[in-house]
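This report describes selected strand pairings and salt bridges. Please consult the sequence and structure shown below while reading.

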Amino acid sequence: MFSINSILFITIFSLSCILFYRNIKKIIRNINLGKKIGDVKNKPKRWKQVFLIAFGQKKMFKKPLVAFLHLFVYVGFVIINIEVIEIILDGIFNTHRILFSDKWAFLYRTMINIFEIFALLVLFSVVVFLVRRNIIKVSRFLSSEMKGWPTLDGNLILIFEIFLMSAFLMMNACDLVLQESNLSYKYPKTGNFIVSSLLTPFLSHNLSTNTIFVLERFFWWFHIIGILGFLNYLVISKHLHIIFAFPNTYYSNLNPKGQFSNMSSVTNEVKMMLDPNNDPFAQNQDQGPPERFGVKDVNDLSKVQILGAYSCTECGRCTSECPANQTGKKLSPRKIMMDIRDRAEEVGKNIDKKGKDFDDNKSLLNDYISPEELWACTSCNACVEACPLNIDPLSVIIDMRRYLVMEQSAAPAELNNVFTNIENNGAPWQFSASDRLNWKYDE
Amino acid sequence: MNIEVNTMAEMKSRNETPDILFWVGSAGSFDDRAKKITRSFVKILNHAKINFAVLGVEESASGDVAKRAGNEFLFQMQALMNIEVLNGYEVKKIVTTCPHDYNTLKNEYKSLGGIYDVYHHTEYIYKLYNEKKIELTPNLNNISITYHDPCYLGRGNGIFDAPRELLKLIGVKLAEMKRSRKTSFCCGAGGAQMFKEPEKGNQDININRTTEAIKTKASKIATSCSFCNTMLSDGVKNLAEGTMDVMDICELIVLSKNL
């Protein structure tokens with residue numbers, strides 16, 4: 001039963017899987033550079049989010065047209081992967097259409113027909129997406145952070161899908177021709193497939209049976225090697241969202257969006273300051289070095305924030321809703337997330353090449369994200385609301401402001417005045433606290 | 001005309017306990033435009049005969065601005081001091097006209113020991129209406145108004161309907177902007193922007209938003225946040241002075257009831 005084909009297939013298949021496993025392990029290592037998150041509470045609600053937002057794509061439907069096209073690609077991808085199971089089995093055992101049996105011919109045909117209809121829908125959607133990106137030039141795909149690789153990446157994914165879907169349909173079309181040829185003893189009679197049968201006249205009129213035989217094998221190998229290649233392409237691509245969308249929605253924030261985290265490390269210090277019985281010289285004997293306040297580099301972020309960066313598919317809905325970005329400021333929430341992934345990759349590569357303790361004297365702040373971007377944010381949560389995967393760029397912006405203010409005292413001068421006023425007068429303005437009730441006197 | 005208001009300290013000295021504390025906020029106490037909103041809301045509270053009090057000089061900045069600006073130290077100092085005062089008076093219920101203080105008091109004081117039932121004034125007035133403690137009649141039926149959702153009330157805390165219901169109850173024609181509710185566009189003041197010059201860009205955020213409001217052809221912009229009010233009033237002054245005005249929902253209610 002096994003043959004040279006089987007051995008070749010098993011080798012290619014296992015090498016691809018091993019390569020993917022090694023690379024995804026590195027990504028998970030990079031995510032784990034972040035700080036631990038506390039107890040994950042409210043699990044039923046989290047699963048509900050995964051179901052609605054990742055599986056159900058609820059937030060995509062704010063833009064219904066694109067949402068349907070995206071849904072075709074997504075469902076098509078999931079469903080056609082069932083076909084991949086048969087391809088893998090055929091590859092291992094050197095069989096042809098192992099799942100087919102005369103008894104269940106109708107069922108098999110129905111299954112393949114559904115795959116073919118979705119393949120067609122995927123092709124259609126992907127072409128529309130290419131047109132949107134390259135001909136209509138939808139503005140959110142053209143921001144400055146999209147120059148170079150991100151734009152190429154976006155197009156490559158779509159072209160990949162065109163090749164994969166075409167290979168699948170062509171493979172079936174060749175198969176149908178061969179079922180009627182003098183080689184038909186090798187090809188079980190499946191009955192007609194609705195989409196690929198449209199291609200058969202072209203093949204049978206122009207090409208010899210032998211050529212079609214070779215073509216069928218070519219498309220079969222092209223399809224499966226393409227899928228394995230695509231799998232390994234994911235790790236360097238924004239397309240990784242097809243995996244990380246699920247954990248990201250699971251771990252995403254459940255609190256009201258307006259609520260920001262309270263830093264417990266600060267609470268301890270403030271409580272000590274406010275406690276009249278506190279002896280400032282009595283503590284901190286053996287507590288280790290004090291924790292850094294706020295975020296300067298990726299390892300100051302939480303794991304969920306880095307996970308968010310790897311989940312981001314750079315659609316730019318956040319940036320296109322950001323009031324700062326829309327009025328020409330440098331801030332782009334999408335760029336914040338892209339910067340985090342780039343920096344995490346850089347730190348990861350340093351660890352691989354130069355060891356765990358290597359310091360490249362670079363950081364997320366300044367080398368990737370400038371204070372000007374951070375100070376342009378109005379904390380309005382439009383980006384968080386817009387993200388179809390519940391990524392939270394705002395939490396990163398605030399955490400980086402915390403580093404600027406509490407570790408570097410580098411707030412804009414006007415804000416330093418505000419801090420002084422709050423400290424001295426209990427209000428952001430320079431009014432005396434004793435005048436707080438004066439509003440009741442004047443009209 | 002002075003407005004009738006008790007402080008917590010005065011009530012305590014008389015051995016009285018108010019049903020609810022009105023948190024005025026720094027803007028509501030000191031900013032001239034916001035003070036008018038404070039007075040309007042107190043008129044409504046008095047009209048509905050609500051047993052309320054304010055902290056007066058014992059109130060201090062909630063810390064919202066400090067927190068959004070990244071100064072977590074200052075925020076927690078303010079929070080812990082305010083919580084000590086609030087818990088000292090055994091405050092259970094709070095109403096405020098400021099969405100920022102609403103968010104901070106309701107969500108961010110919790111884990112620091114300040115657990116209160118907090119209402120935004122639009123939410124609270126709507127509750128009073130439903131409990132038949134205040135009557136609202138459609139007296140303003142000849143004006144068209146567009147409503148601007150404050151970020152910390154709408155997206156931040158999911159309150160979109162109470163303000164709109166109130167506007168409908170006083171009879172105004174609601175002309176929605178294209179970006180409203182969850183996709184509302186910020187006025188430009190949040191995240192401590194109110195207190196600093198904006199970063200370099202090609203437009204101010206409040207101008208962008210006011211342009212959108214003008215497009216609705218409404219005669220007024222209603223909002224429910226004094227920061228939004230300042231930003232949009234400034235926008236109107238720049239773009240269409242005299243043609244439109246910006247009012248808080250509680251001011252519109254005062255207008256409709258002629259209080």
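This is a predicted model: local features need pLDDT of at least 70, side-chain atom pairs count only at pLDDT 80 or more; totals for chains, interfaces and linings use all residues.

S5(B) and strand S6 (residues 173-174) of chain B are parallel and share two bridges. Between S5(B) and S6(B) the chain passes through helix H8 (residues 161-169) of chain B, forming a right-handed β-α-β crossover.

S5(B) also runs parallel to strand S7 (residues 220-223) of chain B, to which three bridges join it. Within S7(B), B:Ile221 is the bridge partner of B:Thr146. In a regular strand, side chains alternate between the two faces of the sheet.

## Salt bridges in chain B

Helix H8 of chain B contains B:Lys168 and B:Glu165, three residues apart and thus separated by about one helical turn. Their side chains form a salt bridge with an N to O distance of 3.8 Å. B:Glu165 is partly exposed, at 27% relative accessible area.

A salt bridge also links B:Lys127 and B:Glu131, with the closest N and O atoms 3.1 Å apart. B:Lys127 is partly exposed at 23% relative accessibility, and B:Glu131 is partly exposed at 36%.

## Salt bridges in chain A

The whole structure holds 35 salt bridges over all chains. One of them joins the side chains of A:Glu385 and A:Lys62 at 3.3 Å, N to O. Because A:Glu385 lies in helix H16 (residues 382-386) of chain A and A:Lys62 in the loop between helix H2 (43-55) and helix H3 (64-93) of chain A, the pair ties together parts 323 residues apart in sequence. A:Glu385 is buried, with a relative accessible area of 5%, whereas A:Lys62 is partly exposed at 42% relative accessibility.

A network of salt bridges links A:Asp297, A:Arg343, A:Glu346, A:Asp360 and A:Lys362.

Conventions:
Residues are numbered from 1 along each chain as its sequence is written. Chains are lettered from A and ligands numbered from 1 in the order in which they are written. Side-chain values use heavy atoms; hydrogens and water are left out. Two strands pair if DSSP finds at least two bridges between them. Helices (H or I, at least four residues) and strands (E, at least two) are DSSP runs, numbered from the N terminus. A crossover is right-handed if, with the strands pointing away from the viewer, the path from the first strand over the helix to the second runs clockwise. A salt bridge is a side-chain nitrogen of Lys or Arg within 4 Å of a carboxyl oxygen of Asp or Glu. Buried means under 20% relative accessible area, exposed over 50%, partly exposed in between (1.4 Å probe, protein chains only).
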